[in-house]
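Dear colleague,

Please find the structure below, together with its sequence. A summary of what was found in it comes after.

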Amino acid sequence: WFPLQSQLSQALNGLSDRAKEAKEFLVQLRNMVQQIQENSVEFEACLVAQCDALIDALNRRKAQLLSRVNKEHEHKLKVVRDQISHCTVKLRQTTGLMEYCLEVIKENDPSGFLQISDALIRRVHLTEDQWGKGTLTPRMTTDFDLNLDNAPLLQSIHQLDFVQMKVSSPVPAPPILQLEECCTHNNSATLSWKQPPLSTVQVEGYILELDDGNGGQFREVYVGKETMCTVDGLHFNSTYSARVKAFNKSGVSPYSKTLVLQTSEDTQSEEQTLPFPVPLERSQLRRMSPFSSTLNLQPSFSGRSYFELRSSAHQLSLHSSLQSLNSAVDIKKMVAVAWFSFDPSSAHADIIFSNDNLTVTCNSYDDRVVLGKTGFSKGLHYWELSIDRYDNHPDPAFGVARIDVLKDAMLGKDDKAWAMYVDN
């Protein structure tokens, strides 16, 4: 029985070890319960904070949109009230003339009637002509042409979900900038990139970042699936740094190499007095068909830009220079030209374009606005306009404006534009 006792003792020792491990495991599980409770409270607080931030952002955006609606409301009321006042004055004048004419008709003295009849008839016809086409047409619609497209946001909210913090699939490789397709024009920059040729990792999108043109912090200017992006509205004569990275569900790739871009210059040397050479020939102002006007953008002096690419171990640089200038004026410093033309996408439907969008014509009674295709943020700028056709209704106006200026009101009537104009 001694061997059996030895075997039982060994078995009890093994079982004792398992029991000890089980007790330690139970302690571990109880600690996990406590940790899960603590992590749950922390995670819920984080989730609430994220959702509250979204709600706050939505409330701020709602206030901004309501402000735009109120401005549109005030503008519509002002236009209608101005038309009511104008029409009331004209109606009062017309009614007074009618009453006077009725009294004259009752006059029994033929000689007195003959003395004033011709002048009175002309005055009646003139007053009738003033009630011409469009005078009794409302200048403003009652509808609010504002449509809130909330479908993408609702879809994003419905797709809002948790993502796994740890995944086994790899993140994308850094994108490669395609230098032959990157360029600058005026104050716009176009960048193009691609994934490395041997990369097999799936990419869901790209993030393009630019600095502020003064060596400041980078900021996102594009997020999406496209591999080419044009950024408008940059500062003239400024140096920007650009970089791009790829992302998928696993995470974000490292940045590509940094690309340095130089936008066109828009100023001249201190010795030059004129911002740009002024053409000697100017189109003459002449009167054509009634209620119409035609504006032409005059071409500046010609020039051609070229781009020079150079590469180093740390960054890529893109520079723009002006190759030639055909001008009789002595330019002491080469300047890059910002070419101007009208932008059809910014125009009211009543405006007609021709001459490669350098000429616009409008036959409307009401004010109609069209913008140029090149936007400014700072600097000194020059352009010329000629008026080929003009009648006293309405008054052609020219100036500078924000991109969201009203397209059916005269420039300068609100806080989004400044203008000079030609009246009768």
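The notes below go from the overall fold to salt bridges and a surface patch.

This is a predicted model, in which local features need pLDDT of at least 70 and side-chain atom pairs count only at pLDDT 80 or more, while totals for chains, interfaces and linings use all residues. Residues are numbered from 1 along each chain as its sequence is written, and side-chain values use heavy atoms, with hydrogens and water left out.

The protein has three helices and 17 strands (DSSP runs numbered from the N terminus: H or I of at least four residues for helices, E of at least two for strands). Of its 424 residues, 27% are buried (under 20% relative accessible area; exposed is over 50% and partly exposed in between, with a 1.4 Å probe and protein chains only).

There are 10 salt bridges, each a side-chain nitrogen of Lys or Arg within 4 Å of a carboxyl oxygen of Asp or Glu. In helix α1 (residues 2-105), D82 and K78 lie four residues apart, about one turn of the helix, and their closest N and O atoms are 3.0 Å apart. D82 is partly exposed at 40%, whereas K78 is exposed at 52%. R402 pairs with D404 at 3.1 Å, N to O, and E209, R243 and K245 form a network of salt bridges.

F376, W383, L385, V400, W418 and M420 make a nonpolar surface patch of about 590 Å² (residues with over 30% relative accessible area and no salt bridge; nonpolar side chains, namely Val, Leu, Ile, Met, Phe, Trp and Tyr, are joined within 5 Å, and like charges within 9 Å). F376 lies in the loop between β14 (359-362) and β15 (385-390).

With kind regards

Technical notes: Accessible areas come from the Shrake-Rupley method with a 1.4 Å probe; for residues, only the protein chains shown count as cover.
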